[in-house]
Amino acid sequence: MTTVTREMIGAAHDVTLAKGDFVLSAALLERIYLAMEQAAPPPQTPFDTCPTCEALARTVMMDQTGAA
C-alpha cells in the first residue's frame with residue numbers, strides 16, 4: 001500500500017491546472033495517477049528501516065553464495 005504524500009497531491013494538482021480540467025474524465029484520472037506515481041517516494045523494504053535485518057540478510061546471503 002502506498003501512502004499519498006504532499007508531493008504526490010501537488011503533482012496531481014499540477015495536472016488538473018495544466019489545462020484547466022475540472023471534470024474527472026478517464027483521461028484526466030489517468031494523467032493524475034501517472035503524475036502521482038512519478039512523485040511517489042521509492043518503496044521501502046524492511047531492510048531500509050532496520051539495520052539489524054539488513055545485516056542478517058547480508059550474512060545469510062554470504063553464507064549461501066560464499067561472497068558478499
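User: In what order do the elements of the chain run from the N terminus on?

Analyst: This is a predicted model, in which local features need pLDDT of at least 70 and side-chain atom pairs count only at pLDDT 80 or more, while totals for chains, interfaces and linings use all residues. Residues are numbered from 1 along each chain as its sequence is written, and side-chain values use heavy atoms, with hydrogens and water left out. Helices (H or I, at least four residues) and strands (E, at least two) are DSSP runs, numbered from the N terminus. The chain holds four helices and zero strands, and its elements follow the order α-α-α-α.

User: What percentage of the residues in the chain is buried?

Analyst: A residue is buried under 20% relative accessible area, exposed over 50%, and partly exposed in between (1.4 Å probe, protein chains only). Among the 68 residues in the chain, the buried share is 15%.

User: Where on H1 do its buried residues lie?

Analyst: The buried residues of H1 are Met8, Ala11, Ala12, Val15 and Thr16. Their arc, taken from the directions from the helix axis to the C-beta atoms, is within 135°, so the buried residues of H1 line one face of the helix. Turned away from that buried side is a face with the exposed residues Arg6, Glu7, Asp14 and Ala18.

User: Is Met8 buried or exposed?

Analyst: Met8 belongs to helix H1. Because its relative accessibility is 5%, Met8 counts as buried.

User: Which residues of H2 are buried, and on which side do they lie?

Analyst: H2 has 14 residues and reaches 20 Å from its first C-alpha to its last, close to the 20 Å expected. The other side of H2 carries the exposed residues Ala26, Glu30 and Gln38. The buried residues are Leu28, Ile32, Ala35 and Met36; they cover an arc of only 95° around the axis, which puts them on the same side of H2.

User: At what angle do the axes of H1 and H2 cross, and what is the handedness of the crossing?

Analyst: Axes are lines fitted to C-alpha atoms, for helices over the stretch in contact, and angles run from 0 to 180 degrees between N-to-C directions. The axes of H1 (residues 6-18) and H2 (residues 26-39) come within 8 Å and cross at roughly 145°. A crossing is left-handed if the near helix is turned anticlockwise from the far one by less than a right angle, and right-handed if clockwise. The crossing of H1 and H2 is right-handed.

User: Which residues of H2 meet H1?

Analyst: Contact means heavy atoms within 4.5 Å. The buried residues of H1 pack against H2, and the buried residues of H2 pack against H1. On the H1 side the contact involves Glu7, Met8, Ile9, Ala11, Ala12, Val15 and Thr16, and these meet, in H2, Leu28, Arg31, Ile32, Ala35, Met36 and Ala39.

Methods: Expected span 1.5 Å × (residues − 1).
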